[in-house]
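This briefing is for a reader new to the structure. Please look over the sequence and the model shown here, then read the points below.

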Amino acid sequence: MLETDNYEKFKKDILSLAKIDLNAYKEKQMRRRINTLISKNAIRTYDEYVALLKRDKDKFEQFINFLTINVSEFYRNPDQWKILDKEVFPRLIQKYGRNLKVWSAACSTGDEPYSLVMALSKHLPLANIKIIATDIDRQVIDTARMGLYNEKSISAVPDDLKKKYFTKVGSSYQISDEIKRRVEFKIHDLLKDPYPSGCHLIVCRNVVIYFTEEAKDEIYKKFHKSLTTGGILFIGSTEQIMNYRELGFNRSKSFFFEKE
């Protein structure tokens with residue numbers, strides 16, 4: 001049985017150790033997830049668990065990986081990618097030219113930034129495409145750089161792009177180096193690290209739902225500042241921005257918001 005009466009101290013310890021502020025996450029949900037992980041490691045108290053994280057690099061990585069919500073697939077919600085392809089990309093290219101600055105925030109295992117490269121390749125030569133892709137979790141960034149995916153992950157990729165950019169390796173699929181080269185992966189914490197500036201498109205999907213309302217507003221404000229005027233924020237189908245006008249956005253389509 002886990003003795004979990006000192007969560008406030010645990011949050012401070014994690015902030016000090018991993019620079020992750022657990023106060024920004026919905027407490028009930030996050031605490032339940034963390035307690036499950038601690039119990040799996042046969043540990044009885046938060047203090048014992050912090051001591052383990054300090055001395056065992058693998059357990060520390062396991063903790064960071066566990067905190068991160070990694071549900072990812074290529075072209076997730078295909079109808080929204082059609083809007084991106086048919087309306088958003090042409091408009092941005094017409095307005096800002098061929099060298100768009102695109103940021104895939106909280107990119108998880110790379111499915112999203114690689115999808116963005118492939119989708120953009122229908123409009124621009126690969127040499128013109130550069131995606132900045134960031135995530136808090138070093139382990140998923142390493143997975144993304146490797147670029148090896150299962151069949152389910154790539155099931156929504158259009159057939160022509162699948163043939164062109166994937167090679168079958170055993171039961172998995174390896175994405176081509178020419179796509180990989182268009183993505184720059186970096187470690188980044190949405191809650192505390194500086195944001196890129198002058199972005200034409202920011203894609204951040206199905207991540208912000210895990211934060212408190214205050215943290216969400218802060219993130220959306222920073223996205224707004226990060227975008228160039230007329231730039232687009234593309235969010236996930238599980239998310240809504242009810243106060244988008246207050247934050248300085250116009251609603252372009254259901255999940256697309258334009259900076260005024």
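Predicted model: local features only at pLDDT ≥ 70, side-chain atom pairs only at ≥ 80, totals over all residues.

Phe166 stands opposite Ile175 in strand 5.

**The hairpin of strands 4 and 5**

- Strand 4 and strand 5 (residues 172-175) pair in the antiparallel sense, over four bridges.
- The two strands form a hairpin with two residues between them, and Gly170 in the turn has a positive phi of about 60 degrees.
- Gln174 belongs to strand 5 and is partly exposed, at a relative accessible area of 22%.
- Apart from neighbours within four places in sequence, Gln174 is in contact with Met146, Gly147, Leu148, Tyr165, Phe166, Thr167, Val169 and Lys180.
- Between the C-alpha atoms of Gln174 and Ala127 there are 21 Å, and the two residues are 47 residues apart along the chain.

**The open sheet**

- Strands of a sheet pair through backbone hydrogen bonds, in either a parallel or an antiparallel way.
- Here seven strands form an open sheet with mixed pairing, in the order 6-2-1-7-8-10-9.
- Strand 6 (183-187) and strand 9 (249-253) are the edge strands, each pairing on one side only.
- On average, neighbouring strands of this sheet are turned by 20 degrees against each other, with direction ignored.
- Within the sheet, strand 1 (residues 102-105) pairs with strand 2 (residues 131-135) in the parallel sense over four bridges, and Ser104 stands opposite Ala133 in strand 2.

**Helices lying across the sheet strands**

- Helix 6 (residues 111-120) lies across strand 1, strand 2, strand 6 and strand 7 (199-204), and runs at about 150 degrees to strand 1.
- Helix 7 (residues 138-146) lies across strand 2 and strand 6, and its direction is at about 165 degrees to strand 6.

**Aromatic pairs**

- A pair of aromatic rings is described by the distance of the centres and the angle of the planes.
- The whole structure holds 18 aromatic pairs according to a search.
- One of them is the edge-to-face pair of Phe74 and Phe166, at 5.5 Å centre to centre with 80 degrees between the planes.
- Phe74 lies in the loop between helix 4 (57-67) and helix 5 (78-96) and Phe166 lies in strand 4 (residues 166-169), so this pair ties together parts that are 92 residues apart in sequence.
- Phe74 counts as buried because its relative accessibility is 0%, and Phe166 is buried too, with a relative accessible area of 9%.
- Trp103 and Phe223 have ring centres 5.6 Å apart and planes at 75 degrees, so their pair is edge-to-face.
- This pair links distant parts of the chain, since Trp103 is in strand 1 and Phe223 is in helix 10 (residues 213-226), 120 residues apart.
- Trp103 and Phe223 are both buried.
- Elsewhere, Tyr7, Phe10, Tyr46, Tyr49 and Phe63 are linked into a cluster by ring pairs.

**Helix 1 and helix 3**

- Two packed helices are described by the angle between their axes and the distance between the axes.
- Helix 1 (residues 7-18) packs with helix 3 (residues 46-55) at an angle of about 10 degrees, and the axes are 10 Å apart.
- Helix 1 is therefore roughly parallel to helix 3, and the crossing of the two helices is right-handed.
- In this packing, Tyr7, Lys9, Phe10, Asp13, Ile14 and Leu17 of helix 1 meet Tyr46, Asp47, Tyr49, Val50, Leu53 and Lys54 of helix 3.

Note on methods:
Residues numbered from 1 in each chain as written. Heavy atoms only, no water. Pairing = 2+ DSSP bridges. Axes fitted to C-alpha atoms, helices over the stretch in contact; angles between N-to-C directions. Contact = heavy atoms within 4.5 Å. Phe/Tyr/Trp six-rings, centres within 6.5 Å; stacked < 30°, edge-to-face > 60°. Buried < 20%, exposed > 50% of the residue type's maximum accessible area, 1.4 Å probe, protein only. Parallel < 35°, antiparallel > 145°, perpendicular 65-115°, else oblique. Left-handed = near helix turned anticlockwise from the far one by under 90°.
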